[in-house]
Number of protein chains: 2
Amino acid sequence: MDATSPKHRVVVIGAGFGGVEVVRGLAGAGADIIFIDRRNHHLFQPLLYQVATASLSPSEIAWPIRSIFKGRRDVRTMLARVDNIEPAEKRVILEGGEAVPFDTLVLATGARHSYFDHPEWEAHAPGLKTFDDALEIRRRILLAFERAELEHDPERRAGLLTFVVVGGGPTGVELAGTIVELAHDTLAADFRAADTREARVILVEAGPRLLPSYLPALSDYARQALERLGVEIRLGAAVDHIDEGRVVFGDHDVAAGTIIWAAGVRASGAAWLDVDSDKAGRVLVQGDLSVPGDPDIFVIGDAAHMTRPDGSLVPGIAPAAKQAGQYVARVIRSRLCGAKVPPPFAYHHQGDLAQIGKRRAITDFGWIRFRGAIAWWIWGIAHIYFLIGVRTRLAVALDWLWISLRNQRSARLISDPGSVSQEG
Amino acid sequence: MDATSPKHRVVVIGAGFGGVEVVRGLAGAGADIIFIDRRNHHLFQPLLYQVATASLSPSEIAWPIRSIFKGRRDVRTMLARVDNIEPAEKRVILEGGEAVPFDTLVLATGARHSYFDHPEWEAHAPGLKTFDDALEIRRRILLAFERAELEHDPERRAGLLTFVVVGGGPTGVELAGTIVELAHDTLAADFRAADTREARVILVEAGPRLLPSYLPALSDYARQALERLGVEIRLGAAVDHIDEGRVVFGDHDVAAGTIIWAAGVRASGAAWLDVDSDKAGRVLVQGDLSVPGDPDIFVIGDAAHMTRPDGSLVPGIAPAAKQAGQYVARVIRSRLCGAKVPPPFAYHHQGDLAQIGKRRAITDFGWIRFRGAIAWWIWGIAHIYFLIGVRTRLAVALDWLWISLRNQRSARLISDPGSVSQEG
């Protein structure tokens, strides 16, 4: 690598939290940066469940990638799908055949939800990773209520008003808490034939407790708080079967109009590289987050198996991806100017946060913990702080104010319902 | 009709401006109201072009129908498609076969864009009536710039940066003005290979002037203002042919990556009734807006051929639909309580408004006219006033402030771009 060349080309694939931090961290480094994503926007994934539950609009948690970096003449954004990577030739092949050469490559392609050995479940139980996913889940939730209103058979109506969330991690907990409030509060006065307060929300978790990566005391609090809201929680219950409108777990065989998958993810992008990965598809990276045998290719965030000094896995959350992106930018900068390479990546866990219903949350910063209403304020302020731009922050604060004061959720729109009848 | 019956059933089909006013106007009338629409929301159509141009989000100009009438226990909202109407049996047949009986029926089904004798043009030149239409047009506009950025051939790039709007009415004028500002201002700093300031926006109108229903002086002003913004205007040019990425009008054969249809509409719903309609499909209604031979069936708004005392057609705009809805509600109320039936419907024209670019508009109230910046303020305040709810008004005002001050448009999101390459 010629450290003085002004033309050193860095290609970053994936505009999630990790990729954006790499590009930010390379400001003024003199590199020629190509930023590739198959979508035109960076998404604030921690609030995606609020789009899925009609609380926020997509545009409040998504920003055009090229507008984030409009002032950076060293960054060229490409809306393109990657077809392959040729490490030996040092180039990325785009769909359509165009080759994009690189000196340094950063793979920050994230993860998709995974159905283990049951890909056929996806059609009946969508997962939540992109804003198209969120709009599809929103459509299913809102249509379930509409269909229940039209249904004359009490048993089928009860099935339509049953919502099953699979997976008791933060996304599952936040989805279940929001859906139950949508049904019991927001929609209660809107329907005539269907009583939305009779809606059942069932949260299914295979392990012994919710939020398995959090402190047990916070898991207990989350369970109790969700149960007070009316969520039915089934712990130690692995899902055996999912079908259209039906889910089987433990001894239960439940008719459910809406099933949402928040149980597992699988890393994207590793298949392009001839490297070892763990069973969730995450690339086994070295201490500096480069791949073994190729110091010019880095993998970060959910696509990487990053470890802590004690050997445990770095969690797949936004702060971890951001720290990895900042770290890799420092490594690349130090190489470009011939400076000393930083010590291996050391993840610093800043804390755990989860919202539970409208005005409750849990926050754990290690040295201090909160739960309940005060945690909700901390949760809300922290999330608004991490959004991009003043307008977005005002808009989200306004929406949350309205939910809090008036139970109104702003984005209760069904995009093209198609046929409304059950068969449709 | 039994005027004292508390069970008199009014079925209203279509939740546009007309239908909503009928239901509003029947508050406290003692009727049993069924409100049917195939979508779950009422849409503020006059601002739909702002969704199509990434200025506003769908949730800012759309409200769930059942939440508008949540306090009205006499109103039952059904999300359903109408399959047929049986006037003799006095019932509406829904898709799926369910029959909904009525004593009085109001058809307020609006209009769809129409391609005259060329339905095959629709795939290449979408129109703008629903929010799905708006999101499709937004997707096409934003993808055109993304593809231009990736295109190496200068001629093809120029084609991708050419936008043709067909139809010089208010929607066409507002679309053309907003697209040219999107290209020349909002996006200018965001792209590297493509120079968005070279984008061409062509507005094609078959007639001799823009805004044909407005005063000629305002048409002239609109033309000059659009030309100053950089829009190319072709008057007296009928479109002869539209194909994928190509439009032919007069002597011109233009390669255009994006073509939008704002030229003609055709009424919906008349086919369900065995009544006479005009050549745009509008039902020829009587003075009280009922159909000839059936006093219990009313047709209002864009679905009806409503005339003024001089025989001229009432324009297909929101205030006309609202007035018709209010009028029909009065007729139904007077029949229910046995009061004197109101005189025939008399449309009162309140004025003409159109926005031309970011800070210009024309407003004509008959007794006073404005154009330019002051008209833009009147236009903006009038539109915010007619939105529903404080939250929506604040959100739209915030978005307009950001567009005005910072040229930022909040909703620049491409939903599932699929394949980005031209062939895709």
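**Close-up 1. The open sheet β6-β7-β8 of chain B in the predicted model**. Three antiparallel strands form this open sheet in the order β6-β7-β8; strands are DSSP runs (E, at least two residues) numbered from the N terminus, and two strands pair if DSSP finds at least two bridges between them. β6 (82–86) and β8 (99–101) of chain B stand at the edges with a single partner strand each, so one side of each lacks a neighbour in the sheet. Neighbouring strands are turned by 25° against each other on average, direction ignored; the axes are lines fitted to C-alpha atoms, and angles run from 0 to 180 degrees between N-to-C directions.

Residues are numbered from 1 along each chain as its sequence is written, and chains are lettered from A in the order in which they are written. In this predicted model, local features need pLDDT of at least 70, side-chain atom pairs count only at pLDDT 80 or more, and totals for chains, interfaces and linings use all residues.

**Close-up 2. The pairing of β7 and β8 in chain B**. Strand β7 (residues 91–94) of chain B is joined to the antiparallel β8(B) by three bridges. B:R91 has B:P101 of β8(B) as its bridge partner.

**Close-up 3. Helix α6 of chain B**. The 17 residues of α6 (residues 170–186) should span 24 Å at 1.5 Å a residue, and the end C-alpha atoms are 22 Å apart, which agrees; the expected span is 1.5 Å times one less than the number of residues. Of the 17 residues, 15 are buried, so α6(B) is largely enclosed by the rest of the structure (buried: 20 or more other C-beta atoms within 10 Å of the residue's own, with C-beta atoms placed from the backbone).

Conventions. Helix = DSSP H or I, 4+ residues; strand = E, 2+ residues; numbered from the N terminus. Buried ≥ 20, exposed ≤ 12 C-beta atoms within 10 Å, placed from the backbone.
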